Amino acid sequence: RGIPLSGRTPLPHALRLAGRLLRQELRKRRNARPLLVVVSDGLPNVPLRHGGDPFADVLAEARTLRHVGIGLVVVDATPPERSAAGGCAEALALAGGGTLVRLVDLSPSAFAGFVESV
């Protein structure tokens with residue numbers, strides 16, 4: 001409840017930076033199993049390029065993560081009253097070959113299970 005949502009982080013850019021960092025680690029440690037945990041309200045609002053589509057950018061970055069072997073867990077932090085607002089958390093998890101969990105359903109043991117399954 002204390003985490004501000006919407007408009008604070010350009011999601012496509014954050015995914016791109018995380019992917020770069022994790023690919024660097026893969027080059028250093030070939031046996032690593034990188035996992036990216038994205039906590040988001042799933043409402044991309046800033047495209048990678050001026051005039052671009054932030055939703056399409058999120059999906060493209062997710063597919064890139066999947067292609068290079070980066071595991072993905074998407075924690076959908078969309079408040080229940082806004083769940084039908086057109087977020088992309090589910091599509092992000094699907095495009096990245098990851099797991100979607102809703103923040104309201106998350107417990108420490110459930111999260112540990114998701115991480116271990118990736």
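1. Buried here means under 20% relative accessible area. By that cut-off, buried residues make up 32% of the 118 residues in the protein. Please keep in mind that this is a predicted model.

2. Overall make-up. The protein has 4 helices and 3 strands. Read from the N terminus, the order of elements is α-β-α-β-α-β-α.

3. Contacts along the chain. Take the contacts between residues at least 6 apart in sequence. Of these, 78% join residues at least 24 apart.

4. The α1/α2 pair. Two packed helices are described by the angle between their axes and the distance between the axes. Helix α1 covers residues 11-28 and helix α2 covers residues 54-67. Their packing angle is about 15°, and the axes lie 8 Å apart. Angles under 35 degrees count as roughly parallel, so α1 and α2 are roughly parallel to each other. The crossing of α1 past α2 is left-handed.

5. Who meets whom in that contact? From α1 come Leu11, Pro12, Leu15, Arg16, Gly19 and Arg23. From α2 come Pro54, Asp57, Val58, Glu61, Thr64 and Leu65. By class, the contact residues split into 6 nonpolar, 2 polar and 4 charged.

6. Threonine 64. This residue sits in helix α2 and is among those that meet α1. Is threonine 64 buried, exposed or partly exposed? Its relative accessible area is 34%, so threonine 64 is partly exposed. Glycine 96 is 32 residues away from threonine 64 in sequence, yet the C-alpha to C-alpha distance is 7.6 Å.

7. Serine 40. Strand β1 spans residues 35-40, and serine 40 belongs to it. Serine 40 has a relative accessible area of 11%; it is therefore buried. Which residues does serine 40 touch, leaving aside neighbours within four places in sequence? The contacts are Leu11, Val75, Asp76, Ala77 and Thr78.

Conventions
Residues are numbered from 1 along each chain as its sequence is written. This is a predicted model: local features need pLDDT of at least 70, side-chain atom pairs count only at pLDDT 80 or more; totals for chains, interfaces and linings use all residues. Side-chain values use heavy atoms; hydrogens and water are left out. Axes are lines fitted to C-alpha atoms, for helices over the stretch in contact, and angles run from 0 to 180 degrees between N-to-C directions. Helices (H or I, at least four residues) and strands (E, at least two) are DSSP runs, numbered from the N terminus. Angles under 35 degrees count as roughly parallel, over 145 as roughly antiparallel, 65 to 115 as roughly perpendicular and the rest as oblique. A crossing is left-handed if the near helix is turned anticlockwise from the far one by less than a right angle, and right-handed if clockwise. Contact means heavy atoms within 4.5 Å. Ala, Val, Leu, Ile, Met, Phe, Trp, Tyr, Cys and Pro count as nonpolar, Asp, Glu, Lys and Arg as charged, and the others, Gly among them, as polar. Buried means under 20% relative accessible area, exposed over 50%, partly exposed in between (1.4 Å probe, protein chains only).
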